[in-house]
Amino acid sequence: MRRLPLIVFLILLVMTVTSSVAGYDRARRSLDTDLVQALSLTIKVKGYERMKQDSIKAYRLLVSSSPSVEGKVLTIEDPVFQQHIQTEALRSKAFIAYHITPDDDDFDVKMEGRADFSMAFVWSMSDQRLSFLLCLGTVLSLLLAIKTKKAAAVEMPVMSLHLTPMQEQLMEMFMKAPGHRLTKQEICDALWPNKENAAETLYTTIRRLRNELHEASDWEIASERGKSYELKKKQEVCRTSDNGTGKLTFD
């Protein structure tokens, strides 16, 4: 059970990353679809042949002034193309890429809608609300895991003692019990459920466990005579005799 917060943290972390990546992919596909649709509308409005001839003219001018341009992709910021883009933030980043290849006496022209944007831009356009909620849960689970680990660190000196299986089971019961307090009946029911009179066995187990703790730890077991036992730090234990007032004392 102590590892449960850590397991929950890891699960939430994976879910957060997965959700964020999925949101990013959806946004990227949406932007790509927007570019394709804008190009299709632009071709419908301006006409493929007109766009082809305009791109060839621009290509020839560039090649004549700079021969190194030949064979490269020609990019043109087309206002009509940009106007047909639905995503307003994408318009200023969008352009048409023309792949122009000489083909005998003519040119083979292929058009592609593109945009110059970064991963950060795509992420900002994505819906990350679920990822944010999962991230918040991840942080909370991490804090719980750290808290649980600190609590376990406090228990470590006790649990590292060389105890018999019965003593170790009793120690685990103390550690899990609220306030580290157990009644005699709770102990007997858990450790010796089929034994009619387990009181003597209980006293012997408690006495031996006390001796072990006294020699190798800073913990002690205090008892409220006839009622319960409590695992406490030595400095917290009240060493008084039982005079009927109900104060804690050692048997």
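## A short tour of the predicted model

Val139 lies in helix H6, which spans residues 129–159. This is a predicted model, and Val139 is a handy place to begin, as it belongs to a nonpolar surface patch.

**Nonpolar surface patch**

- Val139 has a relative accessible area of 41% and is partly exposed, because partly exposed covers the range between under 20% (buried) and over 50% (exposed).

- Leu6 has its place in helix H1.
- With 44% relative accessibility, Leu6 is counted as partly exposed.
- Leu6 and Leu144 are 138 residues apart along the chain, yet their C-alpha atoms are separated by 8.2 Å.

**The largest nonpolar core**

- The largest nonpolar core has 25 residues, and the members that touch the most others are Phe81, Leu90 and Tyr98.
- Two or more residues of this core come from each of these elements: helix H1 (4–46), helix H2 (48–65), E2, E3 and helix H5 (119–125).
- Helix H1 is the element that gives the most to this core, contributing 6 residues.

- Asp104 sits in the loop that runs between strand E2 (94–103) and strand E3 (106–115).
- Is Asp104 buried or exposed? Asp104 is exposed, as its relative accessible area is 77%.

**Salt bridges: the overall count and the Arg114 pair**

- The structure contains 10 salt bridges.
- One of them brings together the side chains of Arg114 and Glu112, at 3.3 Å from N to O.
- Both partners count as partly exposed: Arg114 has 30% relative accessibility, and Glu112 has 33%.

- Arg181 pairs with Glu224 in a salt bridge whose closest N and O atoms are 3.8 Å apart.
- Arg181 is in strand E4 (residues 181–183) and Glu224 is in strand E5 (residues 219–224), so this pair ties together parts that lie 43 residues apart in sequence.
- Arg181 counts as partly exposed, at 34% relative accessibility.

**Salt bridges: Lys233 and Asp218**

- The side chains of Lys233 and Asp218 also meet in a salt bridge, with an N to O distance of 3.0 Å.
- Which parts does this pair tie together? Lys233 lies in strand E6 (residues 228–233) and Asp218 in the loop between helix H9 (199–216) and E5, so the linked parts are 15 residues apart in sequence.
- Lys233 is partly exposed, with a relative accessible area of 21%.
- Asp218 is partly exposed too, with a relative accessible area of 34%.
- Returning to Arg181, salt bridges with shared partners join Arg181, Glu224, Lys227 and Glu230 into one network.

Definitions and conventions
Residues numbered from 1 in each chain as written. Predicted model: local features only at pLDDT ≥ 70, side-chain atom pairs only at ≥ 80, totals over all residues. Heavy atoms only, no water. Helix = DSSP H or I, 4+ residues; strand = E, 2+ residues; numbered from the N terminus. Buried < 20%, exposed > 50% of the residue type's maximum accessible area, 1.4 Å probe, protein only. Core = buried A, V, L, I, M, F, W, Y, C linked by side-chain atoms within 4.5 Å. Salt bridge = Lys/Arg side-chain N within 4 Å of Asp/Glu carboxyl O. Patch = residues over 30% accessible without salt bridge, like charges linked within 9 Å, V, L, I, M, F, W, Y side chains within 5 Å. Areas by Shrake-Rupley, 256 points an atom, 1.4 Å probe, with all protein chains shown as cover.
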